Amino acid sequence: MPRLPPSLLRRAHGISPHLAALLPACRDLGSARNELRWIREHVADITASRSRVRTVGALRNGEGTLHEEALLNRLCRRRGAGVPLQYVLGSQPFGDLEIKCRPGVLIPRPETEAWVVRLAGILKEARDGGREDTGLKVLDLCSGSGCIPLLLYSLLRRQFPGPSVTGLDIEPRAVALARENLAYNQRQDLLPGAQQHVEFKEADIFSADWLALLLKQNDTAKTGRGVVDILVSNPPYISARGFNRDTARSVRKFEPKLALVPGSSTYSSPAGDVRPEDVFYARILDVAQVLRPRLTVLEVGDLAQAVRVVQMAQTRYRGIEDKVEIEIWRDWPDMRSGEDEPESITISGETTAVRGSGHGRAVYIRHID
């Protein structure tokens with residue numbers, strides 16, 4: 001990363017010492033000004049919640065008590081040291097929700113929000129087409145902050161009465177934060193009724209225990225349906241080498257490696273060996289054959305990984321009665337593809353549609369009735 005010119009630091013300090021503190025992370029004055037405004041507002045909200053005597057306007061106008069200024073200075077220095085803004089502010093917007101963020105749990109990304117919104121749109125369109133879908137069952141594996149299942153519930157609750165939404169994660173801190181996000185957004189009246197329909201549990205998806213319990217609780221012979229309707233996941237998918245070489249310094253230093261890089265798993269898929277960074281996809285696709293979801297969406301790191309996941313899915317569904325439609329979604333799946341972005345690619349002799357613009361971001365699998 002290039003060094004900041006001393007003249008830029010002097011100029012920033014002349015405007016505000018807080019701007020100068022933010023520059024090492026923000027790299028330019030425009031970004032630093034925006035982040036300083038957001039941090040000021042965050043400090044004002046904290047102090048206003050502690051005392052209703054003071055108005056929040058004073059600090060937002062650059063004024064404040066010594067305590068407020070000390071807090072502002074501390075947060076700006078944390079941000080300038082590279083701590084992600086979401087950890088400094090303690091939250092990240094995700095759709096119409098406010099997702100609390102905390103070290104030890106992965107920060108929600110806008111690209112994840114984009115495919116969640118597209119998935120919800122597909123489900124709403126199918127519902128409008130006359131399909132009966134009461135009691136929709138959604139399962140999110142490697143749930144992290146809970147942003148994916150919470151936003152799905154928010155987007156689908158009106159069209160699908162009485163949904164059952166479950167998020168599983170191996171990390172206790174993630175499960176605790178997901179539950180906190182559920183409670184917080186419900187208090188903000190953003191998730192009416194969610195407490196009765198959304199739950200988060202601790203589970204290792206490579207274990208057989210949680211899957212056996214789920215099968216025991218759902219007698220599919222009575223319903224003629226799969227154990228879940230929707231299976232989604234944003235699992236760890238970065239190789240150890242890629243983590244050290246390709247990720248941003250703030251990601252390597254502050255975000256949980258457990259949520260990004262698959263650990264040393266001894267999982268052996270019936271469908272054959274896979275790369276270490278793809279082991280979660282192998283497990284989830286094997287689980288999908290047992291749970292029989294109508295729709296599956298798996299977030300991936302890039303187009304090359306998306307192609308490998310498509311190949312895994314093709315291997316598992318080839319030669320069986322269930323017919324599937326597979327697509328690759330880019331970062332912004334509802335945008336029109338650019339001139340240099342092909343709308344389909346051939347994978348193992350089969351044509352696969354590629355939707356949207358940007359990098360490869362998700363693999364979408366639909367079981368055709």
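Colleague: Helices (H or I, at least four residues) and strands (E, at least two) are DSSP runs, numbered from the N terminus. How many helices and strands does the chain have?

Modeller: The chain's secondary structure comes to 15 helices and 11 strands. This is a predicted model: local features need pLDDT of at least 70 and side-chain atom pairs pLDDT 80 or more, while totals for chains, interfaces and linings use all residues. Residues are numbered from 1 along each chain, and side-chain values use heavy atoms, without hydrogens or water.

Colleague: And what does the C-alpha trace span along its principal axes?

Modeller: About 70 × 45 × 40 Å for the chain.

Colleague: On to the second largest pocket. How much space lies in it?

Modeller: About 450 Å³. A pocket is an open set of 1 Å grid points, over protein atoms alone, with protein on both sides within 12 Å along at least five of seven lines; a cavity is a set where a 1.4 Å probe fits but cannot get out, and lining residues have an atom within 4 Å of a point. Points join across faces, edges and corners, and volume is the space filled by probe spheres on them.

Colleague: Which residues lie nearest the centre of that pocket?

Modeller: His42, Leu89, Ser91, Lys100 and Tyr184, out of 16 lining residues.

Colleague: Which elements supply at least two residues of the lining?

Modeller: Helices α3 (29–50), α6 (85–89) and α9 (172–187) do, and so does strand β2 (97–100). The largest share is from α3, with five residues.

Colleague: What is that lining like by class?

Modeller: Six residues are nonpolar, four polar and six charged. Asp, Glu, Lys and Arg count as charged, Ala, Val, Leu, Ile, Met, Phe, Trp, Tyr, Cys and Pro as nonpolar, and the others, Gly among them, as polar.

Colleague: What does α3 meet in α2?

Modeller: Contact means heavy atoms within 4.5 Å. His18, Leu19, Leu22, Leu23 and Cys26 of α2 meet Leu29, Ser31, Ala32, Arg33, Glu35, Leu36, Ile39 and Arg40 of α3. This contact has eight nonpolar, two polar and three charged residues.

Colleague: Which residues line the largest cavity?

Modeller: Leu136, Val138, Leu152, Tyr153, Leu156, Arg157, Pro163 and Val165. Helix α8 (residues 147–156) gives the most to this lining, three residues.

Colleague: And by class, what is in the cavity lining?

Modeller: Seven nonpolar residues, no polar ones and one charged.
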